[in-house]
Amino acid sequence: MKLKEITIALAGNPNSGKTSIFNNITGARQHVGNYPGVTVEKKYGNVKYKGYKINVVDLPGTYSLTAYSEDEVVARNYIINENPDIVVDIIDSSNLERNLYLAIQFIELGVPLVLAFNMSDMTKTSGKKINIKLLSKLLASPIVETVGHKNKGTKDLLDAAISHIENKDREKIEIKYGDEVENELEEMSKIIEDKKILSEKPSSRWISLKLLEQDKEIIDKVKKEAGEAYSEIVHRVNKSIKHLSNILRDNPATVIADSRYGFIRGALTETHKETETGKVSVTDRIDSILTNRIVGIPIFTVLMWLMFQFVFKVGAYPMDWIDMGFGKLGDLVSNAMPEGLLQSLIVDGIIGGLGGVIIFTPNIILLFLCIAILEDSGYMARAAFIMDRAMHKIGLHGKSFIPMLIGFGCTIPSYMGSRILENKKDRLITMHVNTFMSCGARLPVYILLAGAFFPQIAGNVIFSIYVIGIVMAILLAKLLRVTRFKGESSPFVMELPPYRVPTLKGVLLHTWERTWLYLKKAGTVILAISILMWILFTFPMIGENYSKDYDAEVASLEQSLESNEIIEEEYEEGIIKTEAMMGAEQLAYSAAGRIGRFIEPVFEPLGFDWKLAIASISGIAAKEVVVSTMGTLYSIQEADEETESLRENIASEYNPLIGYNFMLFTLLYFPCMAGMAVFRREAGWKEMLFQIGYTLLLAWVVSFVVFQIGRLFI
Amino acid sequence: MHLNEIKPKTRCRIVKILGSGGIYRRLLDMGCIKGEEIEVVKIAPLGDPIDITVKGYHLTLRKNEAKKIEVEAI
């Protein structure tokens, strides 16, 4: 038997428990994507139930359907364009009035609606009584009581949705806005119908209502599609607004919002008996400590410190295992395959590249675990409340603090963590400046160079780089705010939701989704770039073109060993040195080496030679690679940041000014290819290219100024 | 009087929302409408934003936004 297919759109306020209802309905059969053209996440899933195949689309959580935020536009357009069979609006029972405001707007759209009064157990204990039957009649929509986190009422909800869809004579109600507004709506609807402005979706009355509210998105749409009739309808709208403002002494948008809330209040007074308990709620008691004037900030600081430690200290263990695992895998393949190009491609290019992606997974899992807990518990909003003043001063949002802090550990999760910012401009500015928080991969470079050039004061020198990064982030945030992301910073009007105990299932699902997204999308891109980098550093092969006859050198070493002129140790040292020199020559001969030489003139005003140029290029793969590339360049095998001979070689070749300058340069240019792949995923190609371009420019300019001024003094 | 001038732990009534555009619409959507009784609960540790209760829930907004809400004492 073929199943009948129906589509449910799940809507509701943020913090209404919508996600847990979605999880209850779909279980594990869910997918995450993006709505076309925007970064808003689209979650969907399906379930077979009583002979139906039910598709469930999770709309973004919104308070309203005005065009205030991208989320609201997405939710609204989905209803209008995709015509779901029914909207299920999840209502937080402890706050009916504000939650029903969204429901009213679905009624205005004329879409079939079922309400889920969620967390109904909370209202029973708090002594609120609702006459559900009567309220359901007043709203002409079935109401089902649910408790999302206990998976109660899910089946009832599906039953109600199905029977409401199948109900052929559904009652329809219209929200009335008072005679004056109704008259104007009628006039405007007439013009819209006569001139066939826009299709009749959802209704001419609704379009008139939105025009009266001066909804920017609808105005633009009408402008685009109305053609010649545009001036006529605009004229009519302006006349109506003027007329209404005169009689009602208020903006029509106010009057309309008033009527909506008036309708809700009317319905609730009829059905709602609140027995005032007069008790201070749990949330208020918790808040008297967590957002306290004196201890609020210290508690926040400690929580952030704990989170940072958790993400990076605990994450370090699985990261070591992954590192070891990929190392072993590389060895295994190396041993199983004959030496040669293919082996190098698989071991250095593919296994190394994939390892570079997967190694960040523990950080990402732990970070999103923390973020999920912070968000689901309600503390995230408090963190923004506490930090907003300081962050606002530098053109950011209270919530920007968390991804920026994470940036000190790793830039990739910090880009992903910027998702907690709803406003696009805030999100993009935060992402663009997160780059300057010195991540863990940059530290080895600093340790190497500071140790080589400033052995006495290495700690202070490294600290100064971190501080410069923070100062840069502040300056650039301000600069971006007044240039590229111009306009008043987004207004800060945010709910402080009641504190709740996060559910394990919700937190784990959330974490898993984000992690999978990272692995899937970033993985493919990074693999391709890893292979490209491998090609750049491997080809063309030097073959016979070595400057010296190294084979002869090796042969003479062997002879010396055989005739006991040198001991075993000296022989091995000699071999390593020869191989290192060959490696350095191969690198100089390769495409990367040629690029390094080719772009040397660009780096010259910064005091960098072609070797430092190549080291910078290799840093695109990952910043810590700068260290191993320098090892190859200065003919040191198996170099890390603590290698003394590498430090000596570098210190003898450059002066401290150049050393410091190279640290600055490493700090400022974009973090790594994995980071850029994530950046593209989160913000699109254009923003990623902007990030690459402006950080390169900034790194160049800052290093240029420092070198040119600095060399006057030495 | 405007909401930004109200001392913590004080109740007041909304008279008018000033201005237009996104922020004004947002305030309406969040339940800040004429005649509504609200309470300023507290001010953030750094002096901004403020925490108010409206329609039985907590809402936080910057003083700059609170300036746009005209209120009267009750």
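This report describes the predicted model of two chains, A and B, from the fold of chain A to the contact between the chains and local backbone features.

## Basis of the description

Residues are numbered from 1 along each chain as its sequence is written, and chains are lettered from A and ligands numbered from 1 in the order in which they are written. Because the model is predicted, local features need pLDDT of at least 70 and side-chain atom pairs count only at pLDDT 80 or more, whereas totals for chains, interfaces and linings use all residues.

## Overall architecture of chain A

Chain A holds 32 helices and 10 strands; helices (H or I, at least four residues) and strands (E, at least two) are DSSP runs, numbered from the N terminus. Along the principal axes, the C-alpha atoms of chain A fill a box of roughly 110 × 60 × 55 Å.

Of its 714 residues, 44% count as buried. A residue is buried if 20 or more other C-beta atoms lie within 10 Å of its own, exposed if 12 or fewer, and partly exposed in between, with C-beta atoms placed from the backbone. Two residues are in contact if their C-beta atoms, placed from the backbone, lie within 7 Å. Among contacts in chain A between residues at least 6 apart in sequence, 73% join residues at least 24 apart.

## The seven-stranded sheet

An open sheet of chain A contains seven strands in the order β2-β3-β4-β1-β5-β6-β8, with mixed pairing; two strands pair if DSSP finds at least two bridges between them. Its edge strands, β2 (30–34) and β8 (143–145) of chain A, each pair on one side only. On average, neighbouring strands of this sheet are turned by 25° against each other, direction ignored.

The strands β2(A) and β3(A) (residues 41–49) run antiparallel and are joined by five bridges. Within this pair, A:Q30 stands opposite A:G45 in β3(A). Helix α3(A) lies across β1 (4–12), β5 (86–92) and β6 (113–118) of chain A, and runs at about 170° to β5(A). Axes are lines fitted to C-alpha atoms, for helices over the stretch in contact, and angles run from 0 to 180 degrees between N-to-C directions.

## The interface between chains A and B

In the interface, 29 residues of chain A are in contact with 30 residues of chain B. On the side of chain A that touches chain B, at least two residues each come from α3 (96–109), α11 (252–271), α13 (296–336), α16 (379–393) and β10 (493–496) of chain A. That side of chain A divides into 15 nonpolar, seven polar and seven charged residues. Here Ala, Val, Leu, Ile, Met, Phe, Trp, Tyr, Cys and Pro count as nonpolar, Asp, Glu, Lys and Arg as charged, and the others, Gly among them, as polar.

Strand pairing also links the chains: β10(A) and β4(B) (residues 57–61) pair in the antiparallel sense over four bridges. The bridge partner of A:M494 in β4(B) is B:T60.

## Local backbone features

Most residues other than glycine have a negative phi, and most peptide bonds are trans. A cis peptide bond with omega of about -10° joins A:F539 and A:P540; A:P540 is placed in the loop between α22 (504–538) and α23 (550–562) of chain A. In chain B, a cis peptide bond joins B:D48 and B:P49, with omega of about -10°, and B:P49 lies in the loop between β2 (37–43) and β3 (50–54) of chain B.

A:Q214, although not a glycine, has a positive phi of about 60°. A:Q214 is found in the loop between α8 (204–212) and α9 (216–226) of chain A, and counts as partly exposed because it has 19 C-beta neighbours inside 10 Å. B:K9, also a residue other than glycine, has a positive phi near 65°. B:K9 lies in the segment before β1 (10–17) of chain B and, with 9 C-beta neighbours inside 10 Å, counts as exposed.
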